[in-house]
Amino acid sequence: MKKRVIIVTDGDLIAKEAVEEASRRIGGRCISMSAGNPTPLNGSDIIELIKRARYDPVVVMVDDRGNTGKGKGEEAMGYIIKSPEIELLGVIAVASNTKDVNGIKVNCSIDKYGNLTKKAVRKNGDIKKDKIIKGDTVDILNDIHVPIIVGIGDPGKMDGRDSLIIGAPVITMAMQEIIKRHDGI
C-alpha cells in the first residue's frame, strides 16, 4: 500500500518545529530528517524514509534556501512527486520574499488568521489580490501535476499567529484542507 504524502516547501528550524506539531495534530508522521535549509537529503533518500514511516499521512519538507533556480529542495520534490511508490495528497506552498521567481497558482490558501481564501498569501500570511504564491521552492510545480496546492505564509511565524506555542494552527489547517479535499469531505 502506497504511503500518502504531503509536501511542505519550507524546512528551516522554526518551520520544522511547526510542521512536526501540525503532523502530530493530524495523526500523521513528519520526516524530520527532510528539514534543512537547503534540503539535506535527495529524493531517493526521502522516499526510503517515507516507506518506513508508521503513520499516515507522511509529511516531508523541501527547501531551496532562497535559490531562485532549481535547487536541492525542488529537485527532491520533483523526485518525490514522480515516484510511483507514494500517493501525493498535495503540496503546502510557502510564500517567501524571494524575487525573480514565477510563483505557482494555488487552489486555496490559509491566511494568518486561519481563514480559507481562494487567493494567495504573502510571507506574513496576509491575503494577496491574485492566486500566485511566490516562493523559492515552488516554481517546479508549474511543470508537474499536483492534485492540491494550499498556500500559507511562513510556518511557525506569521506575526506569531502560527506559533508552536499555540499549536501551529495555520499549517495544521493547511494539512487538514489537503486531506479534506483529497478525501472529498
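Student: In this predicted model, is Cys108 buried or exposed, and what is its relative accessible area?
Tutor: Buried means under 20% relative accessible area. Cys108 falls under that cut-off, so it counts as buried, and its relative accessible area is 1%.

Student: Is Cys30 buried or exposed?
Tutor: The cut-off for buried is again under 20% relative accessible area. Cys30 has a relative accessibility of 5%, so Cys30 counts as buried.

Student: How many disulfides does the structure hold?
Tutor: A disulfide needs a pair of cysteine sulfur atoms within 2.5 Å. The number of disulfides in the structure is zero.

Student: Among contacts between residues at least 6 apart in sequence, what share joins residues at least 24 apart?
Tutor: Contact here means heavy atoms within 4.5 Å. Of the contacts between residues at least 6 apart, the share that joins residues at least 24 apart is 76%.

Student: Of the nonpolar, polar and charged residues lining the largest pocket, how many are charged?
Tutor: The largest pocket holds about 180 Å³ of space. Its lining has 15 residues, and those nearest its centre are Asp10, Asp63, Ser96, Lys123 and Asp136. Asp, Glu, Lys and Arg count as charged. The lining divides into two nonpolar residues, five polar and, for the charged class, eight.

Key
Residues numbered from 1 in each chain as written. Predicted model: local features only at pLDDT ≥ 70, side-chain atom pairs only at ≥ 80, totals over all residues. Heavy atoms only, no water. 1 Å grid on protein atoms, 1.4 Å probe; cavity = no way out; pocket = protein on both sides within 12 Å on 5 of 7 lines; lining within 4 Å. Points joined across faces, edges and corners; volume = space filled by probe spheres on them. Buried < 20%, exposed > 50% of the residue type's maximum accessible area, 1.4 Å probe, protein only.
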